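Welcome! Have the sequence and the 3D view ready, and let us walk through a few places together.

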Amino acid sequence: LTLISELHTAIVENQFVLHYQPRVDIGTGRISGVEALVRWRYPEQGLMPPAEFIAIAEQTGLIDPLTHLVLEAAVQQCRAWSDQGFDMPVAVNISVNSFHDPDFLTRIDTLLATWKLNPALLQLEITETTLMKEPAVVRNLINRLKERGIVVAIDDFGTGYSSLSYVASLPIHTLKIDRSFVIRMLESPRTRSVVAATIFLAHSLGIKTVAEGVDVGEQVEALHEMGCTEIQGYYFSRPVEAEQLRRWAETFS
Ligand code: G
Ligand code: G
Ligand code: MN
Ligand code: NA
């Protein structure tokens, strides 16, 4: 109960901060976008990771206002970078609850209009598990987002049970291959085959692929060989503060 009421206060006072983890284009070595990851500036105890409070927010109905704060912060940051001549697509994680928030699209439209942001710079990540929970609702929302020019990525791909043919029937832009596959890939030839086949199929369907949780050079080489387009992980950078991200990106452009 305490954490719930503290989370409520945190939303009223906006005690959240976004960190940004870059995605790197394997071919060019350049940063192609960032993923926004929320942290709670927990009073007097430093930053609390999302794993410790997102689930609570989802269970208590606090996720809608929290998602709105995250989207607002991401759009504002993207605008600020854009004003500095730094056009950086920002991806925001969206929980399944948002698909039932009747104000979700209106809020996004208002944010984009208020900050005069090119919709193509806002990307949304939804997990594969979400995708399978409500196929009809999800399909409709992805279509509405696509009409606006907002890119949708499927996160944690491989952890759910959706088929590539179902995914291919949705107008999605990117598949993010879950970190668990990237970890196992080097030791397990079977996992390597699954990853290679996923990348191959995604590409023949015109869908980009991002490998998540890449932390060693051997993984980069293997993924490059398989034709993976982008990579995200500690090998390049941990999630960092906005200013640090900008400095980091300048050295890689
Ligand atoms: O930053 P970290 O690696 O601890 O993130 C852990 C998980 O929390 C990730 O899977 C990510 O998808 C999720 N997450 C991070 N920020 C957000 C957010 O703003 N909203 C939602 N719904 N999930 C988030
Ligand atoms: O949304 P998603 O679940 O994909 O969030 C990514 C999570 O994985 C974040 O919590 C991020 O800090 C973490 N992460 C990103 N890259 C790496 C990596 O290379 N190694 C490890 N161990 N974790 C990573
Ligand atoms: Mn994600
Ligand atoms: Na993920």
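## A leucine and its contacts

Leaving aside neighbours within four places in sequence, L245 is in contact with Y20, P22, V34 and V240; two residues are in contact if their C-beta atoms, placed from the backbone, lie within 7 Å. You will find L245 in helix α11, residues 242-251. Helices (H or I, at least four residues) and strands (E, at least two) are DSSP runs, numbered from the N terminus.

Is L245 buried or exposed? L245 is buried, because 22 other C-beta atoms lie within 10 Å. The cut-offs are these: buried takes 20 or more other C-beta atoms within 10 Å of the residue's own, exposed 12 or fewer, and partly exposed lies in between, with C-beta atoms placed from the backbone.

## About the model

This is a predicted model, in which local features need pLDDT of at least 70 and side-chain atom pairs count only at pLDDT 80 or more, while totals for chains, interfaces and linings use all residues. Residues are numbered from 1 along each chain as its sequence is written, and chains are lettered from A and ligands numbered from 1 in the order in which they are written.

## A lysine in a strand

Now look for K208 in strand β8, residues 208-211. K208 is buried, because 20 other C-beta atoms lie within 10 Å. Its contacts, leaving aside neighbours within four places in sequence, are H173, T174, T229 and E230.

## Two helices side by side

Helix α3 (residues 63-83) and helix α4 (residues 104-114) pack at an angle of about 25°, with their axes 10 Å apart. That makes α3 roughly parallel to α4. Angles under 35 degrees count as roughly parallel, over 145 as roughly antiparallel, 65 to 115 as roughly perpendicular and the rest as oblique. The axes are lines fitted to C-alpha atoms, for helices over the stretch in contact, and angles run from 0 to 180 degrees between N-to-C directions.

Which residues of α3 and α4 meet? From α3 come H68, L71, E72 and V75, and from α4 come R107, I108, L111 and L112. This contact divides into five nonpolar, one polar and two charged residues. Here Ala, Val, Leu, Ile, Met, Phe, Trp, Tyr, Cys and Pro count as nonpolar, Asp, Glu, Lys and Arg as charged, and the others, Gly among them, as polar.

## Around the ligands

The shell around ligand 1 has eight nonpolar residues, two polar and no charged; among its residues are L37, N93 and P239. Around ligand 2, the shell divides into four nonpolar, four polar and four charged, and its residues include D155, D156, E212 and D215. A residue is near a molecule if its C-beta atom, placed from the backbone, lies within 6 Å of it.
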